Amino acid sequence: MTAKVIDGKAFAAEVRAQVARHVTRLKQENGLTPGLAVVLVGEDPASEVYVRNKGKQTVECGMTSFEHKLEADTSEGDLLDLIARLNADSAVHGILVQLPLPGHLNSDLVINSIDPAKDVDGFHISNVGLLGTGQKSMVPCTPLGCLMMLRDHHGSLSGLNAVVVGRSNIVGKPMAQLLLGDSCTVTIAHSRTKDLAEVCRRADILVAAVGRAEMIPGDWVKPGATVIDVGINRVERDGKTRLLGDVAYDGAAAVAGAITPVPGGVGPMTIACLLANTLTACCRANGLPEPEGLTA
Ligand SMILES: Nc1nc2c(c(=O)[nH]1)N[C@@H](CN(C=O)c1ccc(C(=O)N[C@@H](CCC(=O)O)C(=O)O)cc1)CN2
């Protein structure tokens, strides 16, 4: 079998086009322009690229982008003051603090200072609790993107065996909650899981989010399974830097029914879902119906 390649780049472009159409309507019919504030502390090169892309794509969708770039030695107090101002600003519907933060800043404290209604990353403890109890919340962007691709490929996910390899707060845990919400039978596995290969081989849906290049070989994949690779690992090979997923792509693609590539799979969906969440936050803040198909 050769797997169908799930093209995250093309899917993300469709999501952004949908967001842009909703934004045009919001402006025309309600005089509203969704606004997204992105806060970057320090000069991590990868974070700078992600923040630049977020700003660019926000504007391309017709929304307002507010970029706040702070020095690496910014104090926690100054960062919390900025977030308080953004919480109070009615032109700002979404707030995101780019991670990772420099080591002297307490990420949990900073994230939990964001108004949960504006927490478009879905990382605030209130949103985590709402998602965990099946209530309306802001949903973390990367797992939301994975869910959209899975729903598009399968239609219904009901009754499927889903294995999520990885237990991070940002991807693994919310991914498992979302799959449970769509009536999958969900296993959360991780690097210390006993007989991990056997656990993976039972998966109709295998989501890899461990952060280790090519940790999952092709013979851990059930024939016909759908493989969603969340890993983005920069690896030096033959004197070149290569971007590798958590799944050994060629081996997995030979047995899977469908697979996301790295790059061009889950990654582009992360920013597209951030824009979708910003639109959703704006609609909720103004008592308007939420855009269909862009939330969990
Ligand atoms: N506050 C947040 N911080 C971080 C998040 C997040 O969702 N919220 N996620 C990641 C970084 N990230 C967005 O912020 C992100 C990562 C990767 C991509 C992407 O499109 N990747 C491309 C490859 C790009 C490359 O060459 O590096 C792909 O997979 O095709 C977009 C966004 C951590 N921080």
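User: What does the secondary structure of the protein come to?
Analyst: The protein has 10 helices and 11 strands. Keep in mind that the model is predicted.

User: What box do the C-alpha atoms fill?
Analyst: Roughly 50 × 45 × 35 Å, taken along the principal axes.

User: And what about the radius of gyration?
Analyst: The protein has 19 Å. A compact globule with 296 residues would come out near 19 Å, so the two agree.

User: How much of the protein is buried?
Analyst: Buried residues are 45% of the 296.

User: What share of the contacts links residues 24 or more positions apart?
Analyst: That share is 68%, counting contacts with a separation of 6 or more.

User: Let's switch to the open sheet of three strands. What is the strand order?
Analyst: The order is β3-β2-β4, with parallel pairing.

User: Which are the edge strands?
Analyst: β3 (64–70) and β4 (94–97). Each of them pairs on one side only.

User: What is the average twist?
Analyst: From one strand to the next, the twist averages 15°.

User: How many bridges join β2 to β3?
Analyst: Seven. Strand β2 covers residues 35–41 and runs parallel to β3.

User: Which strands does helix α2 touch?
Analyst: Helix α2 (residues 45–60) packs on the sheet and touches β2 and β3. Its direction makes about 170° with that of β2.

User: And helix α3?
Analyst: Helix α3 (residues 76–88) packs on the sheet too, touching β2, β3 and β4. The angle between the directions of α3 and β2 is about 175°.

User: New topic. How many residues are in the largest nonpolar core?
Analyst: It has 89 residues. V164, V165, L206 and V207 have the most contacts inside this core.

User: Which helix gives the largest share?
Analyst: Helix α10 (residues 266–285), with 12 residues.

User: Why does this core lie between domain 1 and domain 2?
Analyst: Because both domains give residues to it. Domain 1 is 29–115 and domain 2 is 141–267.

User: Back to V165. What does it touch?
Analyst: Leaving out residues up to four places away in sequence, V165 touches A189, H190, C200, V207, A208, A209, V210 and I216.

Note on methods. Residues are numbered from 1 along each chain as its sequence is written. This is a predicted model: local features need pLDDT of at least 70, side-chain atom pairs count only at pLDDT 80 or more; totals for chains, interfaces and linings use all residues. A nonpolar core is a set of buried Ala, Val, Leu, Ile, Met, Phe, Trp, Tyr and Cys residues joined through C-beta atoms within 7 Å. A residue is buried if 20 or more other C-beta atoms lie within 10 Å of its own, exposed if 12 or fewer, and partly exposed in between; C-beta atoms are placed from the backbone. Helices (H or I, at least four residues) and strands (E, at least two) are DSSP runs, numbered from the N terminus. Domain bounds come from an automatic or database domain assignment. Two residues are in contact if their C-beta atoms, placed from the backbone, lie within 7 Å. The radius of gyration is taken over C-alpha atoms; the globule rule is 2.2 Å times the number of residues to the power 0.38. Two strands pair if DSSP finds at least two bridges between them. Axes are lines fitted to C-alpha atoms, for helices over the stretch in contact, and angles run from 0 to 180 degrees between N-to-C directions.
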